[in-house]
Amino acid sequence: MASAAPIQLMELKGKVALITGGATGIGLAMADSLLAEGLKKVYISGNIDKDGEEAVREMTKKYGEGRCSFKHLDVTSLQQFEEVVKEIVSTEGGLDILLNNAGIVNERKWELQTDVNINGTMRGCLLALKYMANRGACIVNTSSIACFDPVPYLPGYSASKSAITGLSRAFGDPLLFKEHNIRFLVVAPGATKTGIGNITPASYHYNEEWGRINLEQFYSAQDQGPEAVGKGTVYIIKYGSSGSVWVVEHNQLLRVTQPKRESYQTKIMDL
Ligand SMILES: NC(=O)C1=CN([C@@H]2O[C@H](COP(=O)(O)OP(=O)(O)OC[C@H]3O[C@@H](n4cnc5c(N)ncnc54)[C@H](O)[C@@H]3O)[C@@H](O)[C@H]2O)C=CC1
Ligand SMILES: CCCCC/C=C\C=C\C(=O)C/C=C\C/C=C\CCCC(=O)O
């Protein structure tokens, strides 16, 4: 029996989006896919201005003047994040889509990695509650398959991605959805060809040998481009129910269904 057609939860034409870490890789591919869907405006943001300016030039060439702008935004600063969101809301009359995508891999600087990956995503989600409520808005947080299968040599990074999935599921709970009418979703990419792997083992890992092993495994696992994650994210925004978790791996979009806790527990004794 054919499965029922999914119900579209958001019309993308005419909408406004903000993407953190949007100047390169997966974030830029998300911008490209959203613009192709007819968004009114995509704000790419990031901490490296020259990447942002280059990204805007590329998107403007492809989609025309005024569809894409760059905002300097380091997600470790709540003040910067809030200013950017407020400015967009005031210029555009509202913000419909926020993609909390900025992320780094750096076990050597694991505290910074935690601040960018977890706290940066938290800041975005809290600002969404403050500035994007009651307009059918949608937030997609970029996690990783490392949230399900922790990468042995990336404990801090794997933990950060588990946290992103966890906090998104909590924000996405039906109770909160009823209160704010915002959908919170997760996209968890598998190994994807982007600049995130352009690092030397010693520069991001406290154990250089582990770093070398990690990178070799990562390079040989990279079998998809960022476009796959961009396209998958568009589908998720259109059809994903609040709190849902999605994987984009091997050029496929997959829905993750979390088993009930009782189904994987083995009773040892009464206490
Ligand atoms: N490439 C891959 O295989 C996978 C990547 N991811 C995640 O996808 C997201 C995007 O990464 P990629 O596109 O692969 O790499 P990327 O390095 O091209 O993109 C990361 C972006 O975040 C920006 N960024 C870094 N620190 C920032 C900060 N403090 N504030 C604002 N922006 C900052 C960078 O400038 C860059 O533009 C990350 O969250 C990453 O963890 C998840 C699974 C696999
Ligand atoms: C192994 C990672 C080295 C550094 C790579 C940089 C970024 C990684 C981002 C991720 O989110 C990791 C995603 C997937 C892990 C991919 C491959 C690991 C292969 C190991 C294995 O197959 O068990």
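Select helix 8 (residues 208–221) to begin: with four residues, this helix gives the most to the shell around ligand 2. Helices (H or I, at least four residues) and strands (E, at least two) are DSSP runs, numbered from the N terminus. The model is predicted, so local features need pLDDT of at least 70 and side-chain atom pairs count only at pLDDT 80 or more, whereas totals for chains, interfaces and linings use all residues. Residues are numbered from 1 along each chain as its sequence is written, chains are lettered from A and ligands numbered from 1 in the order in which they are written, and side-chain values use heavy atoms, with hydrogens and water left out.

Next, display the surroundings of ligand 2, which include V105, S144, Y157, N214, Q217, F218 and A221; a residue is near a molecule if one of its heavy atoms lies within 4 Å of it. This shell consists of nine nonpolar, three polar and no charged residues. In this classification Ala, Val, Leu, Ile, Met, Phe, Trp, Tyr, Cys and Pro count as nonpolar, Asp, Glu, Lys and Arg as charged, and the others, Gly among them, as polar.

Two polar contacts (pairs of N or O atoms within 3.5 Å) may be shown here. An oxygen atom of ligand 2 lies 2.7 Å from a polar side-chain atom of S144, and an oxygen atom of ligand 2 is 2.7 Å from a side-chain N or O atom of Y157. Of the 560 Å² of accessible area (Shrake-Rupley method, 1.4 Å probe) that ligand 2 has on its own, the protein covers 78%.

Now select helix 5 (155–171). Its buried residues (under 20% relative accessible area, 1.4 Å probe, protein chains only) include Y157, K161, I164 and F171. The buried residues of helix 5 pack against helix 4 (110–131) and strand 5, among other elements; contact means heavy atoms within 4.5 Å.

Select Y153, in the loop between strand 5 (137–142) and helix 5. Y153 touches residues including E107, N214 and Q217. The C-alpha atoms of Y153 and E107 are 8.8 Å apart, although 46 residues separate the two along the chain.

Finally, turn to ligand 1. Among the 26 residues around ligand 1, T24, I26, Y157, T192 and T194 come nearest. A polar side-chain atom of N47 is 2.9 Å from an oxygen atom of ligand 1, and a polar backbone atom of T192 is 2.7 Å from an oxygen atom of ligand 1. The protein covers 92% of the 810 Å² of accessible area that ligand 1 has on its own.

Notes: Polar contact = N/O pair within 3.5 Å; in protein donor to acceptor, adjacent residues only side chain to side chain. Buried < 20%, exposed > 50% of the residue type's maximum accessible area, 1.4 Å probe, protein only. Lists of a residue's contacts leave out its neighbours within four places in sequence.
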